[in-house]
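Me: Please show me the sequence and the structure, and then let us go through them together with a few questions.

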Amino acid sequence: MRVVCLISGDGSNLQALIDWQIKGLLGDAEIVGVVSNKAQAFGLERAKRANIATTVLSHERYPDRCQFDRALISVIDNYEADLIVLAGFMRILTAQFVNHYANRLVNVHPSLLPKYKGLNTHRRAIEAGDSAAGATVHWVTEELDSGGIIRQAEVPIYAHDSEESLRQRVLEAEHSLYPAVIRDLSLGVVAC
Ligand code: GRF
């Protein structure tokens with residue numbers, strides 16, 4: 001299963017996927033390309049260190065979202081991707097893009113969906129007085145953070161937690177959740 005990861009920033013989830021791949025733990029999945037909309041994204045360095053092909057496609061070079069997404073489709077399709085993995089890709093995707101990759105596009109979101117779609121998930125969970133937070137891997141559909149849930153990982157929220165301490169705990173959970181889901185998708189353990 002040829003996997004293309006889309007990133008915009010640090011790429012710690014990408015690193016987790018690369019680490020599993022290097023250890024032979026990613027099933028039949030192989031990361032064949034990493035695409036970033038930001039030239040400065042550190043995740044690009046992580047990919048290069050692992051000898052994975054990279055492409056930078058700056059959204060600033062396109063007049064609108066539709067034209068950017070069209071260019072993005074062409075980059076991804078050149079990698080002959082079977083699965084597109086959003087790993088901190090900070091762009092809202094058009095319906096045209098999402099439909100092109102129906103059932104081939106997954107995301108990790110830092111909350112226990114359907115709670116806290118969108119931004120500031122950790123702050124909202126703390127402010128609500130929740131005792132647990134977590135991460136969700138889900139299919140991507142037209143509506144933001146609303147596609148079918150594939151798997152979730154839960155972590156506790158402690159009384160002394162700050163937004164940052166909770167963010168770290170959730171991110172750590174993502175780092176084993178996401179590769180395990182990609183492995184299982186590649187092995188057909190989770191239906192596509
Ligand atoms: C993570 O919090 C993930 O849940 C969200 O974007 C962030 C990506 O972090 N979708 P990283 O770039 O993988 O470190």
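Predicted model: local features only at pLDDT ≥ 70, side-chain atom pairs only at ≥ 80, totals over all residues.

Reply: Residues are numbered from 1 along each chain as its sequence is written, and side-chain values use heavy atoms, with hydrogens and water left out.

Me: Which residue has a polar side-chain atom 2.5 Å from an oxygen atom of the ligand?

Reply: Polar contacts here are pairs of N or O atoms within 3.5 Å; within protein, one must be able to donate a hydrogen and the other to accept it, and residues adjacent in sequence count only if both atoms are side-chain atoms. The side-chain atom at 2.5 Å belongs to Ser 12.

Me: Which residue forms a salt bridge with Arg 123?

Reply: A salt bridge is a side-chain nitrogen of Lys or Arg within 4 Å of a carboxyl oxygen of Asp or Glu, and the structure holds 7 of them. In this one the closest N and O atoms are 3.3 Å apart, and the partner of Arg 123 is Glu 163.

Me: How many residues apart in sequence are the parts that this pair ties together?

Reply: Helices are DSSP runs (H or I, at least four residues), numbered from the N terminus. Because Arg 123 lies in helix H5 (residues 121-127) and Glu 163 in helix H6, the parts tied together are apart in sequence by 40 residues.

Notes: Helix = DSSP H or I, 4+ residues; strand = E, 2+ residues; numbered from the N terminus.
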